[in-house]
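Me: Hi! I have just opened a structure that is new to me. Could you walk me through it?

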Amino acid sequence: MKEAAIKAIEKYGTGCAGSRFLNGNLEIHEELEEKLARFFRKEAALVYATGYQTNLGAIAALVDRNDIAIIDKDDHASILDGCRLSFGKDQKFRHNDMDDLERVLEATKGKCQLIIVDGVYGMEGDIADLPGIVRLAKTFGARIMVDDAHGIGVLEKEGAERRSTLV
């Protein structure tokens, strides 16, 4: 590890200490994104400096002026802030309650709906009911966003199986 760190410092310096947008993109950013995409068996990956920034950027890109972000009332604060900063509206459903999620989906039918949940809720350790969420999303034609920051590397085999249900 020490040798790899020394080589990285010799090649790249001690760090940008800021966003890629302001301080530049390095090939190691792109290498990490390519490795993450392969690991998760996805077309591409995008890395932000923090999970908080990830949710702000992703939600702002996915939720437009006439869209509805449908969020679990126990979602992480970064999801709530991302919804506030987007141009869309947000509607909450009771924590992990598929009947209440269905109620909100029915009430917002006809709008572009994005269901946003944590895969594993960081404060409680609860696991999102992804099979139930996927079933309802298919019924109503809604999109799904899962912040799985607390679940990656925690759920091991089950986590891989859970993520595959979204495909």
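Me: Thanks! What kind of model is this, by the way?
Reply: This is a predicted model, where local features need pLDDT of at least 70 and side-chain atom pairs count only at pLDDT 80 or more, while totals for chains, interfaces and linings use all residues. Residues are numbered from 1 along each chain as its sequence is written, and side-chain values use heavy atoms, with hydrogens and water left out.

Me: Back to Phe40: which residue forms an aromatic pair with it?
Reply: That is Phe39. By the rule used here, the count comes to one aromatic pair. Phe39 itself counts as exposed, at 57% relative accessibility.

Me: And what is the phi of Arg41?
Reply: Near 55°, a positive value in a residue other than glycine. Most residues other than glycine have a negative phi. Arg41 is found in the loop between α3 (27–39) and α4, and counts as exposed at 66% relative accessibility. Asn96 also has a positive phi, of about 55°, although it is not a glycine. Asn96 is in the loop between β2 and α6 (98–107), and is partly exposed at 24%.

Me: Let me zoom out. How many helices and strands are there?
Reply: Eight helices and four strands. They are DSSP runs numbered from the N terminus: helices are H or I with at least four residues, strands are E with at least two. Along the sequence, the pattern is α-α-α-α-β-α-β-α-β-α-β-α. Of the 167 residues of the chain, 31% count as buried.

Me: In what order do the strands sit in the sheet?
Reply: The order is β2-β1-β3-β4, in an open sheet of four strands with parallel pairing. Two strands pair if DSSP finds at least two bridges between them. β2 and β4 stand at the edges with a single partner strand each, so one side of each has no neighbour in the sheet.

Me: How many bridges join β3 to β4?
Reply: Five, and the two strands run parallel. Val117 has Val146 in β4 as its bridge partner, and Leu114 stands opposite Arg143 in β4. On the β1 side, four bridges join β1 to β3, also parallel; there Ile68 has Gln113 in β3 as its bridge partner.

Me: Is β3 mostly covered or mostly open?
Reply: Mostly covered: six of its six residues are buried. Gln113, Ile115 and Val117 point one way, and Leu114, Ile116 and Asp118 the other way. In a regular strand the side chains alternate between the two faces of the sheet.

Me: Which residues touch the most other members in the largest nonpolar core?
Reply: Ile70, Phe93, Leu101, Leu105, Ile115, Val117 and Ile133, out of 17 residues in that core. β1, α6, β3 and α7 (130–140) each supply at least two residues, and α7 gives the largest share, five residues. Apart from this core lies another of ten residues, among them Ile59, Val63, Ile71 and Leu80. A nonpolar core is a set of buried Ala, Val, Leu, Ile, Met, Phe, Trp, Tyr and Cys residues joined through side-chain atoms within 4.5 Å.

Me: Last topic, helix α5: which of its residues are buried?
Reply: In α5 (residues 77–85), they are Ser78, Ile79, Leu80, Gly82 and Cys83. Their cover includes α4 (51–62), β1 (68–72), β2 (89–93), β3 (113–118) and β4 (143–147).

Me: One more: which residue lies over the face of Phe87?
Reply: Arg65, at 4.7 Å from the ring centre. A charge sits over a ring if NZ of Lys or CZ of Arg is within 6 Å of the ring centre and within 35 degrees of the ring normal.

Terms used:
Buried means under 20% relative accessible area, exposed over 50%, partly exposed in between (1.4 Å probe, protein chains only). Contact means heavy atoms within 4.5 Å. Rings of Phe, Tyr and Trp (its six-membered ring) pair if their centres lie within 6.5 Å; planes under 30 degrees apart count as stacked, over 60 as edge-to-face and the rest as tilted.
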